[in-house]
Amino acid sequence: MTEPMKLGARLAAPIDAVRRALTDPVELRAWFAEHVEVELPHRYEFWGRFTPEGDAPHQRLLHVDDETLRFAWLLDGVETTSEIRLTPDGPGSTVLTLTQSHFDFAEAMSGSSIRGVLQTWWSLSIANLASHLDGRPLLPKTDFTAADLRGELLIGAAADRVWQSLTDSEQASAWFGYPIGIEPWVGGRYAMGGFEAGNAAKVVDLEPGRKLSVDWGPIGVSTWELAESDGKTKLTFVQSGFDEANPPYGAWSGVVSGLYELRRFNEEADWQPIWLPAEIPSGA
């Protein structure tokens, strides 16, 4: 078995506030899951439509203290282990480290197991925890019972600025935290990993300053539309054209999680990413 997947984020809140958001059922229902039952140190359960295999609670609490939360989580017949560790990071700041066992990148690419969504689902969950702590509106949670993948986000910046950050390779690579090569014209490449990576989606529709559509093949077409009002921009994003019997929940969660930094990138003059270097194994 390879090393577990790890994600790290620096949250702009003291450790007590982060711990409360992670363990208080009322707060958890606000940013994390549809249904939550917590009775520490004995029970930590969550389920519902925003949770992978959320038909019922499948978690078993293993350990909890002031800085660590660890639970077993049965997914696709395998008991995985999730651990959240908190570390104070100076006044008003906390580093969160998420460790997840049994994540296999091949399963993420093939969609052969629900465990393949874990990396992007956790990324979106952490982004919404950060939004909750910041007092910002949440990003749309992934609904694992629906095949209608769409959402909206209000960004406190002019549409031309947001458009540049969506279509300029350097800016998009900065806020997404991963190299992206973009040729902003119909027929141009949209390459996750950069143009040298070898696998590029295709820009299939573009209206400068207003609309961009990218065809990713089997997982469908991503469309971003911008509308400006009073100096703010409403970003509407939709995934379409996929097999509705097997929606690309993992890819969708990854796209939506990235929009947390897109919003901050455009709204904060001294923007710095919250994400710390991640460790994502090829198999687990």
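**View 1. Helices H5 and H7 cross in a right-handed way.** A crossing is right-handed if the near helix is turned clockwise from the far one by less than a right angle, and left-handed if anticlockwise. This is a predicted model, in which local features need pLDDT of at least 70 and side-chain atom pairs count only at pLDDT 80 or more, while totals for chains, interfaces and linings use all residues. Residues are numbered from 1 along each chain as its sequence is written, and side-chain values use heavy atoms, with hydrogens and water left out. Helices (H or I, at least four residues) and strands (E, at least two) are DSSP runs, numbered from the N terminus. H5 covers residues 159–167 and H7 residues 249–267; the two pack at an angle of about 130 degrees, with their axes 10 Å apart. That makes H5 oblique to H7. Axes here are lines fitted to C-alpha atoms, for helices over the stretch in contact, and angles run from 0 to 180 degrees between N-to-C directions. Angles under 35 degrees count as roughly parallel, over 145 as roughly antiparallel, 65 to 115 as roughly perpendicular and the rest as oblique. Look for Arg 161, Val 162, Ser 165 and Leu 166 on the H5 side, meeting Leu 262, Phe 265 and Asn 266 of H7. Sorted by class, the residues of this contact are 4 nonpolar, 2 polar and 1 charged. Ala, Val, Leu, Ile, Met, Phe, Trp, Tyr, Cys and Pro count as nonpolar, Asp, Glu, Lys and Arg as charged, and the others, Gly among them, as polar.

**View 2. H5 also meets helix H6, residues 169–176.** The axes of H5 and H6 come within 5 Å and cross at roughly 85 degrees. H5 is therefore roughly perpendicular to H6. From H5, the contact takes in Gln 164, Ser 165, Leu 166 and Thr 167; from H6 come Ser 169, Gln 171, Ala 172 and Trp 175. The class count for H5 with H6 is 3 nonpolar, 5 polar and no charged residues.

**View 3. Helix H1 (residues 15–23) passes H4.** Their axes come within 11 Å and cross at roughly 120 degrees, so H1 and H4 are oblique to each other. The crossing of H1 and H4 is right-handed. Ala 17, Val 18, Ala 21 and Leu 22 of H1 make the contact with Leu 129, His 132 and Leu 133 of H4. In this contact, 6 residues are nonpolar, 1 is polar and none is charged.

**View 4. Here is the largest nonpolar core, with 70 residues.** A nonpolar core is a set of buried Ala, Val, Leu, Ile, Met, Phe, Trp, Tyr and Cys residues joined through side-chain atoms within 4.5 Å. Buried means under 20% relative accessible area, exposed over 50%, and partly exposed in between (1.4 Å probe, protein chains only). Phe 46, Leu 96, Trp 122 and Leu 235 have the most contacts inside this core. Helix H4, residues 118–134, gives the core its largest share, 8 residues. To see the surroundings of Trp 122, leave aside its neighbours within four places in sequence: its contacts then include Met 5, Phe 32, Trp 73, Ser 82 and Gln 100. Contact means heavy atoms within 4.5 Å.

**View 5. Ser 257 sits in helix H7.** Ser 257 is buried, with a relative accessible area of 8%. Setting aside neighbours within four places in sequence, Ser 257 is in contact with Ser 123, Leu 124, Ala 127 and Leu 139. Between Ser 257 and Met 109 there are 18 Å in space, C-alpha to C-alpha, and the pair is 148 residues apart in sequence.

View 6. Most residues other than glycine have a negative phi, and most peptide bonds are trans. A cis peptide bond, with omega about 10 degrees, joins Leu 40 and Pro 41. Pro 41 belongs to the loop between strand S2 (35–39) and strand S3 (43–47). Glu 53 has a positive phi of about 45 degrees although it is not a glycine; find Glu 53 in the loop between S3 and strand S4 (59–64). Asp 76 has a positive phi too, near 55 degrees, and lies in the loop between strand S5 (68–75) and strand S6 (78–88). Glu 53 is partly exposed at 32% relative accessible area, and Asp 76 is partly exposed at 38%.
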